[in-house]
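Hi,

Here is the structure I promised to pass on. Have a look at it first, and then read my notes below.

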Amino acid sequence: MTKRLKWLILAVLLGAAGAFASCAQDDRDEGEPKKGRVTEITQPGDALSEELMLALSMAKNLHHKADVYLAEMKSDEAVNALRQILAIQFPEGAPEREDVTLDARARLAKLLASQGKLDEALTTTDEGIKTATRRSFFLANLHAARGDILEGRALQIEDSQPDQAKKLRHDAIQSLDEAIQIEKALLDQRYQERSR
Amino acid sequence: MSKRDDFDKPVDDEPVTPGEQARAEAFGRLVDGLLAGDPMPPAMDSDDRALVEAATVVMASSRAIEPAPERTRRLVDQALEAAILRRAGAPLGPADSGERTPLPVSLVQPAEDPNERSVTDVTTRRRRRSDQVARALPWAVASLAAAAAIVLFIARPPQKERTPGGDETAEVAPVRDVPLAVSNTSRPADPLVGRIAKADRSKASERIDLIYADRLEGYRDLTFRRALPGEAPR
């Protein structure tokens, strides 16, 4: 009987200890920060994340999709594919987002201009320039694309509206100057970084 | 003339009288009744008693004896019990040496009801065994519960992190803090792409390929270093 009682006490103690330890662990998990055990939210500009890689992958595939449509002379479908790049949701504050969308806008604007949709092309470039937050080669490329579109528009109306054409050429030069200034600043910055 | 003298006479000498016939029939019924288990009449002539005993012996030796059903059942139970005990490792009797085992005395002269006795012996052992199991079962369950609690505590499943949205939960693998190299960070793509010439203005597809490949390399490096301890950033 004494032996049975010992076993009973041992079993109860073990069971109670296990249940108590399990509950205690849960409480501790809720009370303390889970350092090193859970995913830490990637801050903008911090580590590369899976979300960023997925967004970049989508942009890459949509660009290739547009390539295929253009190879089949389906420019409207190519335009749609490029517009989808502008709607990709990147991680908040990721610098790649601005670069990728500005580049896609430049390509889209050129494609719209080749379709004769110059106003739509200008809108596309202007919206991209407005949303840009920093100077980059992609922004300079977009300014240059805008200058090209304005130049083409001026050529269209040169005979019918010479004054308006002149103004458009002036705007084109301004856009190209803007692109040149951005590129110059970035090149100077690079040279400074290399000289350090 | 006595009855013994009547039987001692030659059979073919005289024809059977109706009285003798009736007496023989009554005697036959008496013997049949005795063989069927009827009690012996309380008062009987000594000659008739001798005749009945002789007739009983003759009848018993001339046909097979069928024991009573309860006795048959008891014998079967006893045989089964002996076989079970022998299989369970009970001490072997002389029957195992090839000789026939004589029935125990209790089988011949049961002290109590034979049906009760034979069946109860087997069921008693079964009941004893089930009692042992029933006694040990709570302890086994308690021990298993304690062991399971310990195992669950030691080998806990991955934590489920509650998402900020509320109800949905997602399993998240633990992530180590590792030092980040520049290639492991999200950053502008200008240094990678460089100046975009006029001829390359529409080659955004090539540029996105370049950006994606560069970021994928940094992301894989980061993932591997998080998984492998002691790895330094490249």
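Ser136(A) is buried, with a relative accessible area of 0% (buried means under 20%, exposed over 50%, and partly exposed in between, using a 1.4 Å probe and protein chains only). You'll find Ser136(A) in the loop between H5 and H6 of chain A. Helices (H or I, at least four residues) and strands (E, at least two) are DSSP runs, numbered from the N terminus. A polar atom of the Ser136(A) side chain sits 3.1 Å from the backbone nitrogen of Leu139(A). Leaving out residues up to four places away in sequence, Ser136(A) touches Asp99(A), Leu102(A), Ile182(A), Leu186(A) and Asp190(B), where a contact means heavy atoms within 4.5 Å.

Before going on, some ground rules: this is a predicted model, where local features need pLDDT of at least 70 and side-chain atom pairs count only at pLDDT 80 or more, while totals for chains, interfaces and linings use all residues. Residues are numbered from 1 along each chain as its sequence is written, chains are lettered from A and ligands numbered from 1 in the order in which they are written, and side-chain values use heavy atoms, without hydrogens and water.

Now for the core. The largest nonpolar core has 52 residues; such a core is a set of buried Ala, Val, Leu, Ile, Met, Phe, Trp, Tyr and Cys residues joined through side-chain atoms within 4.5 Å. Those with the most contacts inside it are Leu56(A), Ile85(A), Ile88(A), Phe90(A), Val100(A) and Phe138(A). Two or more residues each come from H2, H3, H4, H5, H6 and H7 of chain A, together with H8 of chain B. Which helix gives the most? That is H6(A), with eleven residues. In soluble globular proteins, nonpolar side chains tend to be buried together.

Not counting residues up to four places away in sequence, Phe138(A) touches residues of both chains, including Asp99(A), Leu102(A), Ala189(B), Val193(B) and Ile211(B).

The 34 residues of H7(A) should span 50 Å at 1.5 Å a residue, and the end C-alpha atoms are 49 Å apart, which agrees (the expected span is 1.5 Å times one less than the number of residues). Among the buried residues of H7(A) are Leu168(A), Asp171(A), Ala172(A), Ser175(A) and Ala179(A). H6 of chain A is part of what covers them.

Met73(A) lies in the loop between H2 and H3 of chain A and counts as exposed because its relative accessibility is 73%.

Finally, chain B. There are eight helices and two strands in chain B, and buried residues make up 18% of its 234 residues. Chain B averages a pLDDT of 74, with 65% of the residues scoring at least 70 (pLDDT is the predictor's confidence in each residue, from 0 to 100). Where pLDDT is low, the predicted coordinates should not be read in detail. The model scores ipTM 0.73 and pTM 0.51.

Cheers

How values were computed. Polar contact = N/O pair within 3.5 Å; in protein donor to acceptor, adjacent residues only side chain to side chain.
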